[in-house]
Structures are given as C-alpha cells and as structure tokens.
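Subject: Structure handover

Hello,

Here is the structure I said I would pass on. My notes on it follow below.

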Amino acid sequence: NSLTSISGFYYSKTHNYFFKDSVVLINPEYQMNSDTLQYNTQSKTSYFHGPTTIVGKENTIHCNKGYYDTKKDLSSFSNKATLYSNEKSIKADSLYYDRKKGFGQGTKNVVIFDTLEQMIISGELAKYYEENDFSMVTENAMVTDIYSDDSLFLHADTFKTSIDSSGDKVILGYNRVKFFKSDLQ
C-alpha cells in the first residue's frame, strides 16, 4: 500500500493513525481518495470520515462515512452511499458488504438502477446473495420498468429476483401486487 495526505498523526496508546486532507491510498486492487482516514493497526480496520471514493477493478464506491475491516473482509458505507458495478448502481442511506459470505445489504432509501435492463427497483431494505445471484427488496418496494415512451410501475410488499434454469432474470412480486402504466392498471 502507498498512502499520501497533507497531514497525518499516530496515537501509540490507541494504535490509531489519522490522515487528513487529500488522502490517497493506492493498493494493487483499488485506489481510495478520502478527506479523512483513520486506521487502527490492531484491528486492521480503516474508517472513512468525509467524502470518500474507492475505485476497484470491478466497482466504484462513493460515501461520506464508513469502515472496512481487512481481517474479516467486512465493509459498511453510509451517508449518501453509492456502489457502481458494471451496468448497475445501488444507492442507499447505508450499504453493508461481507465479501467472504458474498452478502450485501442496503437499508433506507434503497434505489437499484440497472441500465442494461432499463429498470429501477426501490424500497427500504435490499439483500443480495452473490452465490446464486438472488436479491430481495422489501418495505415500500417498487419496480419501474422504463420504456422509450412510458414506464410500467409495479408495487408489492416484496420483490425477489433470481436467474431461472434458462439463464433469464426473473422478478417475482409477493403480497398486494399492483401495476400501473398510462394505458393499463
């Protein structure tokens, strides 16, 4: 790792490094730019304070607060957190990711935008399991399917997405399903 900043401090009693102003961390797998970074040498955990951008090979993350536990491979991003990955973006008040389990969760004001499918899924709680490409969105869940001249809005208590045996994406709505379009209800 290579880290640069305008100022930095080390507190030996708490084993904390603090880096402030124009923090740049270059790692073989990602580059992070942050306003303030705190790193604990015992827990091997980094804490982000202020605007932070992490650019990796497969995704980019923006947040204003968060942490990354390098021992457990756990991360949490909050305060206008956004994850960009290929053709998808996920925004939420809080994003959590467990790399070892391949599990991610977004809470409060979750918006998932798929540019390839031209679809937006929103709700208050989203869970994603990488192993079987399964996701679930609940609490005020809505799917917006965008067409060139109109959009289809689907409401349900819960939406689940997965891949079927032929490799196609399937979206299932559960409980109190409603759909609206300018010419259909």
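In which strand does valine 111 lie? Valine 111 lies in strand S9, which covers residues 103-114; strands here (E, at least two residues) and helices (H or I, at least four residues) are DSSP runs, numbered from the N terminus.

Before the rest, some notes on how to read the model. It is a predicted model, in which local features need pLDDT of at least 70 and side-chain atom pairs count only at pLDDT 80 or more, while totals for chains, interfaces and linings use all residues. Residues are numbered from 1 along each chain as its sequence is written, and side-chain values use heavy atoms, with hydrogens and water left out.

Confidence

The mean pLDDT of the protein (the predictor's confidence in each residue, from 0 to 100) is 90. A value of 70 or more is reached by 100% of the residues. Strand S1 (residues 2-4) has the lowest confidence, with a mean of 87, and strand S2 (residues 7-11) has the highest, at 94.

Overall layout

The protein has 14 strands and zero helices. Read from the N terminus, its elements run β-β-β-β-β-β-β-β-β-β-β-β-β-β. Along the principal axes, the C-alpha atoms fill a box of roughly 65 × 30 × 25 Å.

Of the 185 residues, 32% are buried; buried means under 20% relative accessible area, exposed means over 50%, and partly exposed is in between (1.4 Å probe, protein chains only). The accessible surface is about 11,400 Å², by the Shrake-Rupley method with a 1.4 Å probe. Carbon and sulfur atoms account for 51% of that surface.

Among contacts (heavy atoms within 4.5 Å) with a separation of 6 or more, 25% are between residues 24 or more positions apart.

There are 20 positive and 23 negative charges, and their mean positions are 11 Å apart. Lys and Arg count as positive and Asp and Glu as negative, with His and the chain ends not counted. Each charge is placed at NZ of Lys, CZ of Arg, CG of Asp or CD of Glu.

The core

Which residues touch the most other members of the largest nonpolar core? They are Phe48 and Phe77, in a core of 23 residues. A nonpolar core is a set of buried Ala, Val, Leu, Ile, Met, Phe, Trp, Tyr and Cys residues joined through side-chain atoms within 4.5 Å. In soluble globular proteins, nonpolar side chains tend to be buried together. Leaving out residues up to four places away in sequence, phenylalanine 77 touches Phe48, Ile54, Ile61, Cys63, Lys65, Gly66, Asp93, Ser94 and Leu95.

Serine 76 is in strand S7. Serine 76 is buried, with a relative accessible area of 15%. With residues up to four places away in sequence not counted, it touches Lys65, Gly66, Tyr67, Ser94, Leu95 and Tyr96.

Is lysine 80 buried or exposed? Lysine 80 counts as exposed because its relative accessible area is 65%. Its phi is near 65 degrees, a positive value in a residue other than glycine. Most residues other than glycine have a negative phi.

Alanine 92, in strand S8 (residues 88-98), is buried, with a relative accessible area of 4%. Its contacts, apart from neighbours within four places in sequence, are Lys80, Ala81, Gly106, Thr107, Lys108, Asn109 and Val110. Alanine 92 and threonine 107 are 15 residues apart along the chain, and their C-alpha atoms are separated by 6.0 Å.

Asparagine 109, in strand S9, has a positive phi as well, near 55 degrees. This residue is partly exposed, at 45% relative accessible area.

Back to valine 111: it is partly exposed, at 34%. Beyond four places in sequence, valine 111 touches Ser89, Ile90, Lys91, Ile120, Ile121 and Ser122. Its C-alpha atom is 9.0 Å from that of alanine 126, 15 residues away along the chain.

Methionine 119 is found in strand S10 (residues 119-129). Methionine 119 counts as buried because its relative accessible area is 14%. Apart from neighbours within four places in sequence, methionine 119 is in contact with Ile112, Phe113, Asp114, Val143, Thr144, Asp145 and Ile171.

Regards
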